[in-house]
Every structure is written in C-alpha cells, then in structure tokens.
Amino acid sequence: MVLIGSHPILGFAVYFYSLGATVILAARKMDQLKSTAKEIELLGGKCDVMQLNIRDANQALEAVNQIVAKHGKLNGLVNNAGGQFHSPASKMTPNGFATVVDLNLMGTFYLCKAAFDGYMGEHGGTIVNIVADCRNGFPGMVHTGAARAGIINMTKTLAIEWGPYNGIRINCVAPGMTISSGMKNYPEKVLDGFIANGWMNPSGRFGTESEMAASVVFLLSPAASYITGVNLPVDGGYSLSRSDAKGPEAMYNPKGSLMRPYIGWPSDEKAAIQEVDAPTGIVKLFEKYKALAVNGINRDSKL
Ligand SMILES: CCCCCCC/C=C/C(=O)SCCNC(=O)CCNC(=O)[C@H](O)C(C)(C)COP(=O)(O)OP(=O)(O)OC[C@H]1O[C@@H](n2cnc3c(N)ncnc32)[C@H](O)[C@@H]1OP(=O)(O)O
Ligand SMILES: NC(=O)C1=CN([C@@H]2O[C@H](COP(=O)(O)OP(=O)(O)OC[C@H]3O[C@@H](n4cnc5c(N)ncnc54)[C@H](OP(=O)(O)O)[C@@H]3O)[C@@H](O)[C@H]2O)C=CC1
C-alpha cells in the first residue's frame, strides 16, 4: 500500500508492474486523479484516489488514518506534490517565498509525520521525497531551492531518528529537467530556454517520467533495504556541471544525446508512457525521445 501525494507523476505504471502494490493517489483535483486511476487500472494496476491538500497538516493525518482504516496498512509514501513559480529573488514578495516553502517543505513534513503517527512509527515503512536539483543554488527559484534543500536535510534527520522504529527508510530523489505535465506551469519563454539548453549536460537531454519512477521504485523496494538518508540525483549528470567556469557549451555535444532515453516499464508496449500532457514544444521533444527509445541511438541521432 503506497500513498503518492499528487496525480500522474513520474510514471506510476512502473510501480504496479514491479512490486504489485495498491497505490493511493492523493491531490486536490479529483478529475485528474480519477483519469489517472483509470489508466492505471487499464494497465492492470490497483489504485484508489483521495482528495488532499498537503498544506493542511490535519488533512494529511486524516488521509493516512482513512487509508489504514480501509486497507489495513501503509507501507510506502512518495511525497511528489510540489512546485513553484519562476521569479528573480529581487522581485519575490515575502508571501511568495513563504507560499512555496509552505507547499514543498511544510507539506512534505506534514505527510511524513502523518505517515509516522498513523502507521509507520509502529509498523515501519519506506518514504521517498521528490525534491529538485539545488546542489549549486537555484537561480530564478530561490524559494524552491531553500525548501528542497530543507527537505534533503530533514530527510537525513528523519532517517536517523526513525530508522530504529521498525526500520523506516527515507530518501530523496532529485529529478533533473523532466518531461512532464508540470511544464504547463511555465511561460513559453522560459520553456523555450529549457529546450534550447536541454542538451548542455552530460546526458544531452531531459529526463523522462519513467526514469524518475524507476529510481523511486528502487528506493521503495527491498532492493534498497540498506539505503537511507540519501538524495539520489536522477539528472543525467546535470547537477555536476552547472558551475563550470568555462561555460557548459564547451563540454557537450551540440548534436544531442548519446544516452538512450528510457520510456515505460517493462518493455510491454501497453505499459509505456505514450503521451505527455505538456506544451507543444515539450511534446515534440518527447516524440523524438520516444523514437530514440524505440529505435536506439547512435552518433548521428539528433535530439
Ligand atoms: C531557470 C529555472 C530552472 C527551472 C527548473 C525547473 C524544474 C522544476 C520543475 C517543476 O517543479 S515541474 C512542477 C511544476 N508545477 C508547479 O510548479 C506548480 C506551480 N504552482 C503552484 O504550485 C502554486 O501556484 C503556488 C506557486 C504554490 C502558489 O499557490 P497559491 O495559490 O497558494 O498562491 P497565491 O495565493 O496565488 O499566491 C501566494 C503568493 O505567491 C505569489 N505568487 C504566486 N504565483 C506567482 C507567480 N507566478 N509569480 C510571482 N509571484 C507569484 C503571489 O503573488 C502571492 O504573494 P503576495 O502577492 O501575496 O505577496
Ligand atoms: N518536471 C520537472 O522537470 C521536475 C519536477 N520536479 C518535482 O517533481 C514533482 C512532480 O512534478 P511534475 O509531475 O513535473 O509536476 P506537476 O505540476 O505535473 O505535478 C504536481 C502535482 O502536485 C500536486 N499538488 C500541488 N500542490 C498540491 C497540494 N497543495 N496538495 C496536494 N497536491 C498538490 C498537483 O495536483 P493538484 O494540483 O491536483 O493538487 C500535481 O499532481 C514536483 O514536486 C516537482 O516540483 C523536480 C524537478 C524537476
């Protein structure tokens, strides 16, 4: 039984095929949750939905209590809900900053605490917190950088404090730029910038939801049973290269990526993520990734 805060995230299908869990999707908009649940069921997965605003600590505890009452347990929690807006720090209001900290840092804490109080403190469990690449600061998004860095540190503390409680493990995944519905939240100009520079990292491309999902599944699974308190960047090496003094262009391959994208799990066509609900430029990019995932990649492949 795994509670995932938010809707279509990071390639859910992965989880069902690999671990056979029942997944509870929780977010504010029920319509989106229901349509995602339908897709999951069509793929053969088991799924339930519930309305939840993670910014409300009482709702978080109530959600966990409801799940335990209905399903008898809560073995896993993925804190995926989150987001921010783009703004230089000089133009950001205190309330704008606080709002993003409230959503990401406070919301993640509320759900971790609710899972602990409502089930895991007594029975154990595994938690994965989705953060973002904040290794070198986060220009344009000071609020989310601070909030995500807070989550990474909180994760380390909880790993130490809660490990002894029936072996709770808690880790973070830090996605690099990932093709997802989240891209709808950014103005076209910002997206154009993402697309123009997306190749300037060791992978030469964006990540896919399936690539994020696979890492989440690994950390939730018994295969990661000796891993706790870590932040796993899943970013094609992007976070390693941001502060290069000579400028990243010097290092990368302008023709695009030689790292074949991974889309879907397992190789069953039905389970592959075929579409992404995102602006046109991002969808076009995804179409190219799909072709590369299926046909392979070589030195002449261009993203
Ligand atoms: C160059 C950068 C590299 C970027 C890499 C990006 C990688 C990350 C990608 C992703 O995370 S994908 C996920 C995308 N999804 C989102 O980001 C969702 C975004 N939106 C939200 O979650 C919410 O809108 C919000 C930001 C949490 C705000 O929610 P809320 O409804 O509570 O806000 P308001 O009450 O409207 O406003 C509160 C406060 O914040 C200010 N504000 C809100 N939006 C903006 C904005 N777009 N620009 C500037 N300021 C904003 C707002 O003005 C309020 O402040 P005050 O005016 O009261 O001072
Ligand atoms: N895509 C990317 O490039 C990257 C994404 N990330 C992070 O990965 C996570 C998933 O991103 P992605 O799928 O792209 O983004 P989306 O914007 O598509 O998903 C965000 C989800 O969070 C839910 N959510 C937002 N606020 C709340 C709330 N108060 N209570 C409950 N649910 C909420 C939304 O549902 P609803 O609105 O219905 O509540 C939505 O399902 C986010 O934390 C994001 O910041 C990190 C780095 C890069």
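Predicted model: local features only at pLDDT ≥ 70, side-chain atom pairs only at ≥ 80, totals over all residues.
The chain has 303 residues, of which 43% count as buried, and it contains 9 helices and 9 strands. If we take the contacts in the chain with a separation of 6 or more, 77% of them are between residues 24 or more positions apart.

I will start with helix packing. Two packed helices are described by the angle between their axes and by the distance between those axes, and I will give both values for each pair.

Helix H4, residues 94-123, packs against helix H5, residues 142-162, at an angle of about 20°, and the two axes are 8 Å apart. Because that angle is under 35 degrees, H4 and H5 are roughly parallel to each other, and H4 passes H5 in a right-handed crossing. On the H4 side the contact includes Gly 96, Phe 97, Val 100, Val 101 and Asn 104, while on the H5 side the residues include His 143, Thr 144, Ala 146, Ala 147 and Arg 148. Sorted by class, this contact has 13 nonpolar, 6 polar and 1 charged residues.

By class, the contact of H3 with H4 has 11 nonpolar, 2 polar and 1 charged residues.

The last pair is helix H6, residues 188-197, with helix H9, residues 280-295, whose axes come within 10 Å and cross at roughly 25°. That angle makes H6 roughly parallel to H9. The contact is made by Leu 191, Asp 192 and Ile 195 on H6, together with Gly 281, Ile 282 and Leu 285 on H9, and by class it has 4 nonpolar, 1 polar and 1 charged residues.

Now to the ligand. How many residues surround ligand 1, and which are the closest? There are 16 of them, and the closest are Gly 83, Phe 85, Thr 93, Asn 95 and Gly 182. The shell around ligand 1 divides into 6 nonpolar residues, 10 polar residues and no charged ones.

Asn 166 lies in the loop between H5 and strand E6, residues 169-175. Most residues other than glycine have a negative phi, whereas Asn 166 has a positive phi of about 55° although it is not a glycine. Is Asn 166 buried or exposed? It counts as exposed, because it has 12 C-beta neighbours inside 10 Å.

Asn 136 is found in the loop between strand E5, residues 126-130, and H5. Asn 136 counts as exposed, because it too has 12 C-beta neighbours inside 10 Å. From C-alpha to C-alpha, Asn 136 and Leu 240 are 8.9 Å apart in space, although 104 residues apart in sequence.

Asn 197 lies in helix H6, and with 13 C-beta neighbours inside 10 Å it counts as partly exposed, since the exposed class requires 12 or fewer.

Finally, Gly 229 lies in the loop between helix H7, residues 209-220, and strand E9, residues 231-234. Because Gly 229 has 16 C-beta neighbours inside 10 Å, it counts as partly exposed. Leaving aside neighbours within four places in sequence, Gly 229 is in contact with Thr 155, Lys 156, Ala 159, Ile 160, Ile 170 and Asn 171. By contrast, the C-alpha atoms of Gly 229 and Asp 102, which are 127 residues apart along the chain, are separated by 22 Å.

Methods. Residues numbered from 1 in each chain as written. Chains lettered and ligands numbered in written order. Axes fitted to C-alpha atoms, helices over the stretch in contact; angles between N-to-C directions. Helix = DSSP H or I, 4+ residues; strand = E, 2+ residues; numbered from the N terminus. Parallel < 35°, antiparallel > 145°, perpendicular 65-115°, else oblique. Left-handed = near helix turned anticlockwise from the far one by under 90°. Contact = placed C-beta atoms within 7 Å. Nonpolar A, V, L, I, M, F, W, Y, C, P; charged D, E, K, R; others polar. Near = placed C-beta within 6 Å. Buried ≥ 20, exposed ≤ 12 C-beta atoms within 10 Å, placed from the backbone.
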